2 protein chains.
Amino acid sequence: MDPFAALADPLRRDLVARLARGSARVVDLTAEHDVSRPAISRHLRLLAEAGLVSAEDRGRERHYRLERGGLRPVADLLAALGGAAPPVTDRMLDGLELEVRRTGRDRRAARTRPHPHSEPHSQPHSEPHSQPHSQEDTA
Amino acid sequence: MDPFAALADPLRRDLVARLARGSARVVDLTAEHDVSRPAISRHLRLLAEAGLVSAEDRGRERHYRLERGGLRPVADLLAALGGAAPPVTDRMLDGLELEVRRTGRDRRAARTRPHPHSEPHSQPHSEPHSQPHSQEDTA
DNA sequence: GATATTGGTAACCGCTTGGTTACCTATCTG
DNA sequence: CAGATAGGTAACCAAGCGGTTACCAATATC
């Protein structure tokens, strides 16, 4: 699951926001977010697949931590949509890079995906295809 | 529909990315993204509800334009998740504000929504609730 | 060793989503 | 006016999502 779909769910946004203030176990997160534990567990698994969180087993407990590098695609899109005076600066992306390296000691899960950004984008479909009248304003 | 859910769909991300390079009509977008026109039309409606695009009728044509102000919630979340050295600076949010004003001459559609950011966020559920043993690492 | 705690997985279920085709209105053009 | 073009809406359908309960394995504790 890509980071965008992962962040589409309000509960998952709550989870990542919570983990931004420190890692936590599943029971803790369950206590805070009144849905059943299996639901939380599955949300966390999706977030991990999206590269937004990572887990570390300590005995019978599993500690989930925010993985800020997984936010790259989101930051990239924001940058791409920024337009002429980009609201998302390159400095910001550099900050993310640093973040990735800083937490890079146990990114087992991150290794499963080739790279957390720039999905295939599919069809070549976009010839300039000039049309008789309107079609482009570049407002 | 909130901006996060709106951006969860790859096709919708393609649409906003396309509109970032200039407004376009529905037929144009349909020609570029091989799905049927009704599908495109519905995606655009969802994007408009999310505050990410706006439409302007010109005769029988409807021109869709990117509405950068709708990205506020996304930028806010990124800022909230940024941690100590925030990857998304306040300067970026200022940039978005400016962007909203700059394109503010014909935002008819924007007036139909109360404000394009900061959804309710629901439950108050989060008392500090200190627990006996682990629960917080502040990694 | 018995029991409690942590947490993942499986099976099921209702709702939403995204796609399609068919149809309709409105505007432009010959 | 007749036809073509632009675009929204309705009805339908398959697939995915998020929730639940039930169950299981593993670790900690008495």
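Which element gives the most to the surface near DNA strand C? It is α4(B), with five residues. The model is predicted, and chain A has a mean pLDDT of 73, with 59% of its residues at 70 or more.

**Confidence in chain A**

- Residues 84-95 of chain A have pLDDT below 50, and this stretch has 17 contacts in the model beyond near neighbours in sequence.
- Over residues 97-135 of chain A the pLDDT also stays under 50. The model has 40 contacts for these residues beyond four places in sequence.
- Where pLDDT is low, the predicted coordinates should not be read in detail.

**Makeup of chain A**

- Chain A holds seven helices and three strands. From the N terminus on, their order is α-α-β-α-α-β-β-α-α-α.
- Of the 139 residues in chain A, 46% are buried.
- Among contacts in chain A with a separation of 6 or more, 56% are between residues 24 or more positions apart.
- Helix α5 of chain A spans residues 72-81 and is largely enclosed by the rest of the structure, because seven of its ten residues are buried. The buried residues are Arg72(A), Pro73(A), Val74(A), Ala75(A), Leu77(A), Leu78(A) and Leu81(A).
- Thr30(A) is part of helix α3 of chain A. Its relative accessibility is 18%, and the cut-off for buried is under 20%, so Thr30(A) counts as buried.
- Beyond its neighbours within four places in sequence, Thr30(A) has contacts with Val35(A), Ser36(A), Arg37(A) and Ile40(A).

**Sheet of chain B**

- An open sheet in chain B is formed by three strands in the order β1-β3-β2, with antiparallel pairing. The edge strands are β1 (24-25) and β2 (53-58) of chain B; each has a single partner strand, so one side of each is left without a neighbour in the sheet.
- Six bridges join β2(B) to strand β3 of chain B (residues 61-66) in the antiparallel sense. Arg58(B) has Glu61(B), in β3(B), as its bridge partner.
- Helix α2 of chain B (residues 10-19) packs on this sheet and touches β1, β2 and β3 of chain B. The direction of α2 makes about 90° with that of β3(B).
- Arg21(B) sits in the loop between α2 and β1 of chain B. With 56% relative accessibility, Arg21(B) counts as exposed.
- Arg21(B) and Arg65(B) are 44 residues apart in sequence, and their C-alpha atoms are 9.4 Å apart in space.

**Around DNA strand C**

- There are 25 residues around DNA strand C, of which Arg37(A), Ser41(A), Ser36(B), Arg42(B) and His43(B) come nearest.
- Sugar or phosphate accounts for 57% of the atoms of DNA strand C within 4 Å of the protein, and bases for the rest.
- Elements that each supply at least two residues of the surface near DNA strand C are α3 (26-32), α4 (37-49) and β3 (61-66) of chain A, together with α2 and α4 (37-49) of chain B.
- From chain B, a side-chain N or O atom of Arg12(B) is 3.1 Å from a phosphate oxygen of DNA strand C.

**Around DNA strand D**

- The residues around DNA strand D number 24, and Ser36(A), Arg42(A), His43(A), Arg37(B) and Ser41(B) come nearest.
- Of the atoms of DNA strand D within 4 Å of the protein, 58% are in sugar or phosphate, with the rest in bases.
- At least two residues of the surface near DNA strand D come from each of α2 (10-19) and α4 of chain A and α3 (26-32), α4 and β3 of chain B. The element that gives the most is α4(A), with five residues.
- A backbone N or O atom of Arg60(A) lies 3.4 Å from a sugar or linking oxygen of DNA strand D.
- From chain B, a polar side-chain atom of Ser41(B) is 2.4 Å from a phosphate oxygen of DNA strand D, and a side-chain N or O atom of Tyr64(B) is 3.0 Å from a phosphate oxygen.

How values were computed:
Residues numbered from 1 in each chain as written. Chains lettered and ligands numbered in written order. Predicted model: local features only at pLDDT ≥ 70, side-chain atom pairs only at ≥ 80, totals over all residues. Heavy atoms only, no water. pLDDT = per-residue confidence, 0-100. Contact = heavy atoms within 4.5 Å. Buried < 20%, exposed > 50% of the residue type's maximum accessible area, 1.4 Å probe, protein only. Helix = DSSP H or I, 4+ residues; strand = E, 2+ residues; numbered from the N terminus. Pairing = 2+ DSSP bridges. Axes fitted to C-alpha atoms, helices over the stretch in contact; angles between N-to-C directions. Near = heavy atom within 4 Å. Polar contact = N/O pair within 3.5 Å; in protein donor to acceptor, adjacent residues only side chain to side chain.
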